[in-house]
Amino acid sequence: MSSSDPRVDELRQRLRSLGYLDAGVDRFLLGSAREARGPVALAGRASLRVGVLGGLLLGPAAAIGVGARLPGLISGVRDALVMSIYLALLFFVAVALSSVALSGISVVLLRGGIFRLKPQATGDTDTARSRPIERLSRAAGFVLTLAALAYLTLWWRNANAGFGWSAPAWTSFALLVAVAISLLLGHAQRVTTLAVLAAAAGRGAALPAITNRSWRGILAGGALAFAGAAMLLVVTTAAESSRAAAPNLAVMSRGLTVKVIAIDGIDSTLVDVRDWAPPLTPGVRFAVGYDNTSDPARTWTTIATGTPPEVHGIHAIEARRVAGLRGVLNPDTSATGRVLQRASDLIRLSRPSIASRNERKVMTFWEVAEAAGLRSAVINWWATWPAAGQRGIVVSDRAVLRLEHGGTLDAEISPSRVYDDLLQRWPGISRTAESVAQRRFGTMDDRATAAVLMRSATLDGIVMAIDQALAEPQRDLDVVYLPGLDIAQHALLAEQSASPSTLTARLEALRTYHAFLRDLVRPSLTPVEHRITMVITAPGRVGSNMAGHVMMIAPSGTQGISDVSDRTALAIDIAPTILNLLGVPISRELQGTVLRAVFAPDPDRFVATYGRPAAEEAPREGKPLDQETIDRLRSLGYIK
Amino acid sequence: MSALPAFFADYQARVTDELHRIVPDRGSAVERAMAYTALAPSKQVRAVLVILCAELCRGNVAQAVPAAAAIELVHAASLILDDLPSMDDAPLRRGRAANHLANGEATAILAAFGLLNLAYGQIARAYEPAMAARMSSRLAEAVGPEGLIGGQALDLEATDHQIGFEMLERIHRGKTGALFVAAATCGALTAGAAAEPIGALVAYAKNLGLAFQIVDDLLDVAGTTADTGKAVRADARKTTFVSFSGVDGARQLAAELCETADRALAPFGRKADRLRELSAFVAARRL
């Protein structure tokens, strides 16, 4: 008895029409469609299941691609999983719709006569009569396979670009996973189309057999694809995390401490900070070229890390936090990007967020110094919240707000004893800063300008007062950031419609603020034995195309510091220069170089990497100041 | 004749014990007639199917045994009625004289009804009301006009007539398939299974039931009384699968139905191996 015996073929077909020889193979796909009465309902229900498969398999794969394309969005395994869920939903919809469309087109082709069912005739075998259905379903599966493979190939290109995997083994593995996912989806589509076409052709239609082997194949393929996608997801996040491994940073001290004073908004057409140094003090003076200083978080994180924004991950003050993710989505300045951001804000999928340490992917120079065992303190630098719970002192960019509000810390200051100390001194600090500002600018005729300058002067005064409060015990590295001038400059000059006379008056007012600043920092510029004071300036948001300066002041006779001026440097040169002064090895990952005319770095004093910033945070038990921070930055003109 | 899978013995013993416990044997004629068929040696394929499905759905044997016994009682009742002179007029069953020949026709009819009612009573007593109601409902469907009774009625009509394939399937679905499906469903229900696994087991039982019947037809053509325990060539006046496809074709279809039944078990993986052994036994139940 051959399998093509016409009597057996006919009985087999009749049995199928009576519900036998149907094991419900691919039960997952067709399970919900079992009770469907027509091809449309069947296509709808089965396509939902194909969509589920597509979402499950493509979601994790796409999360890797998105993570590579949008730095800072995925900050860990948890973020990767949440992003996978979002993308799985997206792909669920996309694949389900594609599946319905493919099934629908197949039915139209079958009914339209392009693939006509052969009329039943004596001697026809099942195989012959079901051939059009078989061909159409294979074609539908093939289309989905190709689409998935094309997408996954592009995805791999993105992922590869992001993580730098060029090893043939990885590429082969990724391609294997891509092929497995594509074949699995194609098979699911074939089964769905097969069922839909059988329903459309009527009860008597021959339905090609789906063998036991294909069911095992789909299970094995699915398991392989899922395991592969999951493995890639875990490996990529693990590869990122592994960079956090602490390197051995042996310090070869030069016997120097470093104090960094960062001043934002210095207008080099109004003042030359190089003149602020005490007369006859030797030092190094460089003009610093900046690409664009319109966003202070980006600029000052570039200075702090010695890497460009594409590497350190802080692109702007304002970012978008996606619901469920710890990472943030950096702003997209394109029109489409803005529309998408507004839309996602509207549906509460995303919300405004301020750049924080969590998004920074590179260690700052003070974090490297700490890792090397040096004592450090940083005050008010951008993207320092939440403060890291390490040995050094971090008074983050949210610290002043916390001191104003009081209460329990939410990682604004670390360690907490510093907060306790500052909180005790806070009434005196704030009152003194306000009274100094009042004395300096309160008598100005233009009350509006006076208010702007007083606000800035109070803030800068508070920051310097905190710096003085933390003067003891002495540390290897002290860093302080003064934002007042930039805030004032932006408030007074950003307005395009001001008349020339008003602008002139405001420029004059800013000149007085420059003088205030000089007086504020002057005590710190006095040469101190074994200490190098570095003043870093940037033009701020208004003069974003101007140059800034780096000035190093050292006592006469300090070895290695010669009187050099009129040289140029890049913002990314500053961090390696500071670390070199402190005797810390330089990471080969840093793209800048140690400024010449200071100590030349020892060729043997390089390390491959500093690793990733530590994940630990200071205790976060207090009420978060997220909204208050946004409100404050808005009032200071940083965000709209 | 293919040997029963090894695991059958334990399950058969559990079901037999239960049947001995519930089938009355106090000496009255009707009780003797009930015990005559219900306690006669048999493979108890349907009862074992109940237990296997319960185990597959993470139930336990002890909880499934009452349902298995109930299914076996219904099957025994159907055999007594099938063999009556007004029905198939069969002389032999389970290797000995048919019930009506041993106990008289009237007593045999009463014994059949007695066994049926014993089955429903067994379900009602052994399970929680909600579960008992669901099982009784499935059992009633299997026995009623869509099941055993409907199948037997069509079978009577078809005797000495040439019938179509759909009619033959309808007869077999009623006389054999319905109780296989009920057995699988009741087994899964005793384990509290969800709709999805029950659906898979129904697909298994449906295909297996028809395969079982096709093999029965084959045995009637090519078997012996010693093999089957009943008279052979008794279906000469009836249309069977062999009439449509020939002996080899019927064998092939039975094998394909058993393969299909196995494929329906795919979602259960290796846990369903015993059910696969059962289908292999059914497929190999030949000379």
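Reader: Before we start, how are things numbered, and what does the model count?
Author: Residues are numbered from 1 along each chain as its sequence is written, and chains are lettered from A and ligands numbered from 1 in the order in which they are written. This is a predicted model, in which local features need pLDDT of at least 70 and side-chain atom pairs count only at pLDDT 80 or more, while totals for chains, interfaces and linings use all residues.

Reader: How many helices and strands are in chain A?
Author: Chain A has 18 helices and 14 strands. Helices (H or I, at least four residues) and strands (E, at least two) are DSSP runs, numbered from the N terminus.

Reader: And in chain B?
Author: Chain B has 13 helices and two strands.

Reader: Which residues have the most contacts inside the largest nonpolar core?
Author: They are A:Ala369 and A:Ile578, in a core of 107 residues. Helix α14(A) gives the most to this core, with ten residues. A nonpolar core is a set of buried Ala, Val, Leu, Ile, Met, Phe, Trp, Tyr and Cys residues joined through C-beta atoms within 7 Å. In soluble globular proteins, nonpolar side chains tend to be buried together.

Reader: What does A:Ile578 touch?
Author: Leaving aside residues up to four places away in sequence, A:Ile578 touches A:Val258, A:Val260, A:Phe365 and A:Met534. Two residues are in contact if their C-beta atoms, placed from the backbone, lie within 7 Å.

Reader: Back to α14(A): at what angle does its axis cross that of α15(A)?
Author: The axes of α14 (residues 447–469) and α15 (residues 484–493) of chain A cross at roughly 165° and come within 8 Å. Therefore α14(A) is roughly antiparallel to α15(A). Axes are lines fitted to C-alpha atoms, for helices over the stretch in contact, and angles run from 0 to 180 degrees between N-to-C directions. Angles over 145 degrees count as roughly antiparallel, under 35 as roughly parallel, 65 to 115 as roughly perpendicular and the rest as oblique.

Reader: Which residues meet there?
Author: Among them are A:Val452, A:Leu453 and A:Asp460 in α14(A), and A:Ile487, A:Ala488 and A:Leu492 in α15(A).

Reader: New topic: where is A:Tyr481, and why does it count as buried?
Author: A:Tyr481 lies in strand β9 (residues 477–482) of chain A. It counts as buried because 23 C-beta neighbours are inside 10 Å. Its contacts beyond four places in sequence include A:Trp300 and A:Asn380.

Reader: What about A:Asn380 itself?
Author: A:Asn380 is placed in the loop between β6 and β7 of chain A. Its phi is near 70°, a positive value in a residue other than glycine. A:Asn380 is buried, since 24 other C-beta atoms lie within 10 Å.

Reader: Which peptide bond is cis in the loop that holds A:Pro386?
Author: The bond from A:Trp385 to A:Pro386 is cis, with omega near -5°. A:Pro386 lies in the loop between β6 (376–379) and β7 (393–395) of chain A. A cis peptide bond also joins A:Glu472 and A:Pro473, and A:Pro473 is in the loop between α14 and β9 of chain A.

Notes: Buried ≥ 20, exposed ≤ 12 C-beta atoms within 10 Å, placed from the backbone.
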